[in-house]
Amino acid sequence: TIKEDCPASIWLPNSITADGNGLNDDWIIKGRGIEEVEVYVFNRWGELIWEGHEIGDSWDGTFNGSPVQQDIYVYKLTYSYLNVNEKAEKRTRVGRVAVIR
């Protein structure tokens, strides 16, 4: 049996402009081979301001309908995928996203 080993990948931009000009306005979860995904975005005080649960979910740089201030926000990403042996693997990553206005 030949098994193709194409590792799962997930991409999150490190910044968005969120200025309404149609370029880089949304922070979109992109990936391939992902079974489940959870992303949580927090402000500098640790307050949860956005969460996404599917590839393609996007954050527009708002919280409760109002634009967030230009700042650096922290995210926690957890995702799972099937490895080459078709066993579920789970990964967690913490990172930052800049909102530039």
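A few notes on reading come first. The model is predicted, with local features needing pLDDT of at least 70 and side-chain atom pairs counting only at pLDDT 80 or more, while totals for chains, interfaces and linings use all residues. Residues are numbered from 1 along each chain as its sequence is written, and side-chain values use heavy atoms, with hydrogens and water left out. The confidence score pLDDT is given by the predictor for each residue, from 0 to 100. Its mean over the protein chain is 93, and 97% of the residues reach 70 or more. Among the elements of the chain, strand β1 (residues 9–11) has the lowest confidence, with a mean of 94, and strand β6 (residues 48–52) the highest, at 98.

The sheet comes next. Five strands make up an open sheet of mixed pairing, in the order β2-β11-β10-β5-β6. At its edges lie β2 and β6, each of which pairs on one side only. Two strands are taken to pair if DSSP finds at least two bridges between them. Strand β5 (residues 34–42) runs antiparallel to β10 and is joined to it by eight bridges. Phe42, for its part, stands opposite Val74 in β10.

A nonpolar core is a set of buried Ala, Val, Leu, Ile, Met, Phe, Trp, Tyr and Cys residues joined through side-chain atoms within 4.5 Å. The largest such core has 21 residues, and those with the most contacts inside it are Trp27, Val37, Val39, Val41, Trp59, Tyr73 and Leu77. Two or more residues are given to this core by each of β5, β6, β10 and β11 (88–99), with β10 giving the most, five residues. Contact here means heavy atoms within 4.5 Å.

Relative accessible area is judged with a 1.4 Å probe on protein chains only: under 20% is buried, over 50% is exposed, and values in between are partly exposed. Thr78 counts as buried because its relative accessibility is 12%. Not counting residues up to four places away in sequence, Thr78 touches Glu36, Val37, Glu38, Lys90, Arg91 and Thr92. Tyr81 is likewise counted as buried, because its value is 11%. The C-alpha atoms of Tyr81 and Ala8 are separated by 6.5 Å, although the two residues are 73 apart along the chain. The side chains of Tyr81 and Arg91 are joined by a polar contact of 3.2 Å; the term denotes a pair of N or O atoms within 3.5 Å, where within protein one must be able to donate a hydrogen and the other to accept it, and residues adjacent in sequence count only if both atoms are side-chain atoms.

Two loop residues complete the account. Asn24, in the loop between β2 (15–16) and β3 (27–28), has a positive phi of about 55 degrees although it is not a glycine. Asn24 counts as exposed because its relative accessibility is 55%. Asn64, in the loop between β8 (62–63) and β9 (66–67), has a positive phi near 55 degrees and is exposed at 69%.

Methods
Helix = DSSP H or I, 4+ residues; strand = E, 2+ residues; numbered from the N terminus.
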